[in-house]
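Here is a short briefing on one protein model. Look at the structure first, then work through the points by topic.

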Amino acid sequence: MSAILTNIIRTKNIVQCLVRQLSSTSSMNTKQWRLERGLPANRLTEGVLIDAPDYTYLDGRPTPLLQKQKKRMLRQQDYARQIIANISEIDFAKQRYFDNMKAAEEDRNNIINNRLKPKGKALLRKK
């Protein structure tokens, strides 16, 4: 009986040692390897198997988009819309800034041009 218990304890220790030695560095290295080569971190997000249609018609008709393809296309269209809106806001802000600077410069020039002019003897002395 004690021999069976010692064998169970030994196998339990071996299993514990095996479990403790497992690590996630290999999967992290795989992710890093994919990123270094310009590939997506998750191999299931894009590629031929994901982007290509499941079937084709023999008469040349286009196949309907898959559900994930539609979702991805709509998401990318939304990103494009947001980018265009943000760029137009930035252009508007730049133009407004330059217009404000130009208006301030014009105000400064108007103030300088509308100063009181010397009169009488002071005017003659300047020449």
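**Charged pairs and their surroundings**

Glu36 and Arg37 are joined by a salt bridge, with 3.7 Å between the closest N and O atoms. Keep in mind that this is a predicted model. A search of the whole structure turns up four salt bridges, and three of them are described below, Glu36 with Arg37 among them.

- Side chains of opposite charge can pair when their charged atoms come close.
- Is Glu36 buried or exposed? Glu36 counts as exposed, because its relative accessibility is 56% and the cut-off for exposed is over 50%.
- Arg37 has a relative accessible area of 47%, so Arg37 is partly exposed.

- Arg81 and Asp78 meet through their side chains in a salt bridge, at 3.7 Å from N to O.
- Where do Arg81 and Asp78 lie? Both are in helix α4, three residues apart, which is about one turn of the helix.
- Arg81 counts as exposed, because its relative accessibility is 52%.
- Asp78 is partly exposed, with a relative accessibility of 33%.
- Arg108 forms another salt bridge, with Glu105 as its partner. Their closest N and O atoms are 2.7 Å apart.
- Arg108 and Glu105 are three residues apart in helix α4, so about one helical turn separates them.
- Arg108 is partly exposed, at a relative accessible area of 45%.
- Glu105 is partly exposed too, at 38%.

- Gln69 lies in helix α4.
- Is Gln69 buried or exposed? Gln69 counts as buried, because its relative accessibility is 12% and buried means under 20%.
- What does the side chain of Gln69 reach? It reaches the backbone nitrogen of Leu66, at 2.9 Å.
- Gln69 also touches Ile50, Asp51 and Ala52, when residues up to four places away in sequence are not counted.
- Arg34 is found in helix α2, which covers residues 25-36.
- Arg34 counts as buried, because its relative accessibility is 16%.
- Which residues does Arg34 contact, leaving aside its neighbours within four places in sequence? They are Leu39, Pro40, Ala41, Asn42 and Arg43.

**Aromatic rings**

- The charged end of Arg61 sits over the ring of Tyr57. The distance to the ring centre is 3.9 Å.
- How many aromatic pairs does a search of the whole structure find? The search finds one.

**Overall build**

- The protein has five helices and zero strands.
- Read from the N terminus on, its elements run α-α-α-α-α.
- The protein has 127 residues, and 4% of them count as buried.

**Confidence in the model**

- The average pLDDT of the protein is 80.
- A score of at least 70 is reached by 76% of the residues.
- Where is confidence lowest, and where is it highest? Confidence is lowest in helix α1, residues 2-21, with a mean of 56. It is highest in helix α4, residues 67-113, at 95.
- Helix α4 is also where Arg81 and Asp78 lie, and Gln69 belongs to helix α4 as well.

Technical notes: Residues are numbered from 1 along each chain as its sequence is written. Side-chain values use heavy atoms; hydrogens and water are left out. pLDDT is the predictor's confidence in each residue, from 0 to 100. Helices (H or I, at least four residues) and strands (E, at least two) are DSSP runs, numbered from the N terminus. Buried means under 20% relative accessible area, exposed over 50%, partly exposed in between (1.4 Å probe, protein chains only). A polar contact is a pair of N or O atoms within 3.5 Å; within protein, one must be able to donate a hydrogen and the other to accept it, and residues adjacent in sequence count only if both atoms are side-chain atoms. Contact means heavy atoms within 4.5 Å. Rings of Phe, Tyr and Trp (its six-membered ring) pair if their centres lie within 6.5 Å; planes under 30 degrees apart count as stacked, over 60 as edge-to-face and the rest as tilted. A charge sits over a ring if NZ of Lys or CZ of Arg is within 6 Å of the ring centre and within 35 degrees of the ring normal.
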